[in-house]
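Please keep the sequence and the structure at hand while reading.

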Amino acid sequence: MNKLGIFMNFWEKNWDADHKKYIRKAAEIGFDVLEFQAQPLLEMSDDHIRSLRREADACGIELTYSLGLDRNYDVSSLDETVRTGGVKYLQNIIRKMEVGGGTLLSGVSYAGWGVPEGTFDSKKPYWDQSVKSMKEIIKVAEECGVTYCVEAVNRFETALINTAKEALAYIEEIDSKNIGVLLDTYHMNIEEDNIGDAIRLVGADRLKSFHTGENNRRAPGRGHLDWDEIFGALADIGYKGRIVSEPFIMQGGEVGRDIHVYRDLIENPCEETIDAEARYLLNFEREMLKKHGMA
Ligand code: MN
């Protein structure tokens, strides 16, 4: 069966949190993977990162990482100082991931997270800068055994890569076995003509990880996305990779600010109700995998 995971900030309103607590919680609920923001790694000692790895190994949890790149480190910037600073920043994150045995980085990590101000007539100059940067970043990913996932996200979060087709064009220019595509159902719902076709276009070889979330960023099954279409397409391509749920359900804090969550999306969000929602979504995805012959 595909490894099933969850993003740590399902529970936490700030990006950094007690990672060990959520490693144990993810395992106790029954997940295989815990994903969290990569940036806090830069503030951690190597010893601490190794202790997270030991905790994860003891719990049978794989740790994967995501990030929304701070615009101060925008690797698509036309300002060479910003761009080269961004390259170094991402290379440092990848090196920290290697310390903890991490092998997968997702998110908006090919440009600053956010959209341009003012008019924007062509993405080509920014695209070319990003490609130039990524060719330098990917060398470090290759050395460190990290797979760099280019996540296509919706137009309100990036101007560079909104669709599966654009993500494929980008990784083709980089041409490394350590780069691939990450598709996310929440973003696909906004940008793709047809979600199943987008998944089939990428295919199993290039789809390196998969994020699930509803149209409103609730847990799968709590909105109006067609999960039979989604899991049917994953079955069509023979996808064997990770499926990581990435719902954001609480207003407030850094997460509510950055993800634009302005109301609670479950009733009475507290540890107990969120744990119950995590159990529900894990069961929902397991049932979908069974229904579509993937388990
Ligand atoms: Mn995502």
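## Nonpolar core

The model is a predicted one. Its largest nonpolar core comprises 94 residues. Within that core, the residues with the most contacts are L34, Y110, Y170, I199, F210 and L234. Helix α4, residues 124-144, supplies the largest share of this core, namely eight residues. As a general background, nonpolar side chains tend to be buried together in soluble globular proteins.

Y110 illustrates how such a residue is surrounded. When neighbours within four places in sequence are set aside, Y110 is in contact with V75, S76, S130, M134, V150, E151, A152, V153, T158, L160, I161 and Y170. Y170 is also among the residues with the most contacts inside the core.

## Helix pairs

| Helix pair | Angle between axes | Axis separation |
|---|---|---|
| α1 and α10 | about 50° | 10 Å |
| α8 and α10 | about 60° | 9 Å |

Helix α1 covers residues 19-29 and helix α10 residues 271-291. With an angle of about 50°, α1 and α10 are therefore oblique to each other, and their crossing is right-handed. The residues that meet are K21, K25, E28 and I29 of α1 and E271, D275, A278, R279 and L282 of α10. By class, this contact holds three nonpolar, no polar and six charged residues.

The crossing of α7 past α8 is right-handed. On the α7 side, I195, G196, I199 and R200 take part, and they meet E229, I230, A233, L234 and D236 in α8. Five nonpolar, one polar and three charged residues make up the contact of α7 with α8.

W227, D228 and F231 of α8 form the contact together with F284, E285, M288, L289 and K291 of α10. The residues divide into five nonpolar, no polar and three charged.

## Buried residues in loops

Which residues does W11 touch beyond its neighbours in sequence, leaving aside those within four places? W11 is in contact with I6, Y22, K25, I29, M250, E271, I274, D275 and A278. Of these, K25 and I29 belong to the α1 side of the contact between α1 and α10, while E271, D275 and A278 belong to its α10 side. W11 itself sits in the loop between β1 and α1 and is buried, with a relative accessible area of 7%. The C-alpha atoms of W11 and L281 are separated by 14 Å, although these residues are 270 places apart along the chain.

N9 is found in the loop between β1, residues 4-7, and α1. Its relative accessibility is 2%, and N9 therefore counts as buried. Apart from residues up to four places away in sequence, N9 touches N14, W15, Q37, F248 and V255.

Q39 occupies the loop between β2, residues 33-37, and α2, residues 46-59. With a relative accessible area of 18%, Q39 is buried, the limit for that class being under 20%. Beyond its neighbours within four places in sequence, Q39 is in contact with S66, L67, G68, Y89 and I93.

## Residues with positive phi

Most residues other than glycine have a negative phi. D175, which is not a glycine, has a positive phi of about 55°. R217 is likewise a residue other than glycine with a positive phi, near 70°.

Are D175 and R217 buried or exposed? D175, in the loop between α5 (164-174) and β6 (179-184), is exposed, with a relative accessible area of 66%. R217, in the loop between β7 (207-212) and α8, counts as buried at 6% relative accessibility.

Key:
Residues are numbered from 1 along each chain as its sequence is written. This is a predicted model: local features need pLDDT of at least 70, side-chain atom pairs count only at pLDDT 80 or more; totals for chains, interfaces and linings use all residues. Side-chain values use heavy atoms; hydrogens and water are left out. A nonpolar core is a set of buried Ala, Val, Leu, Ile, Met, Phe, Trp, Tyr and Cys residues joined through side-chain atoms within 4.5 Å. Buried means under 20% relative accessible area, exposed over 50%, partly exposed in between (1.4 Å probe, protein chains only). Helices (H or I, at least four residues) and strands (E, at least two) are DSSP runs, numbered from the N terminus. Contact means heavy atoms within 4.5 Å. Axes are lines fitted to C-alpha atoms, for helices over the stretch in contact, and angles run from 0 to 180 degrees between N-to-C directions. Angles under 35 degrees count as roughly parallel, over 145 as roughly antiparallel, 65 to 115 as roughly perpendicular and the rest as oblique. A crossing is left-handed if the near helix is turned anticlockwise from the far one by less than a right angle, and right-handed if clockwise. Ala, Val, Leu, Ile, Met, Phe, Trp, Tyr, Cys and Pro count as nonpolar, Asp, Glu, Lys and Arg as charged, and the others, Gly among them, as polar.
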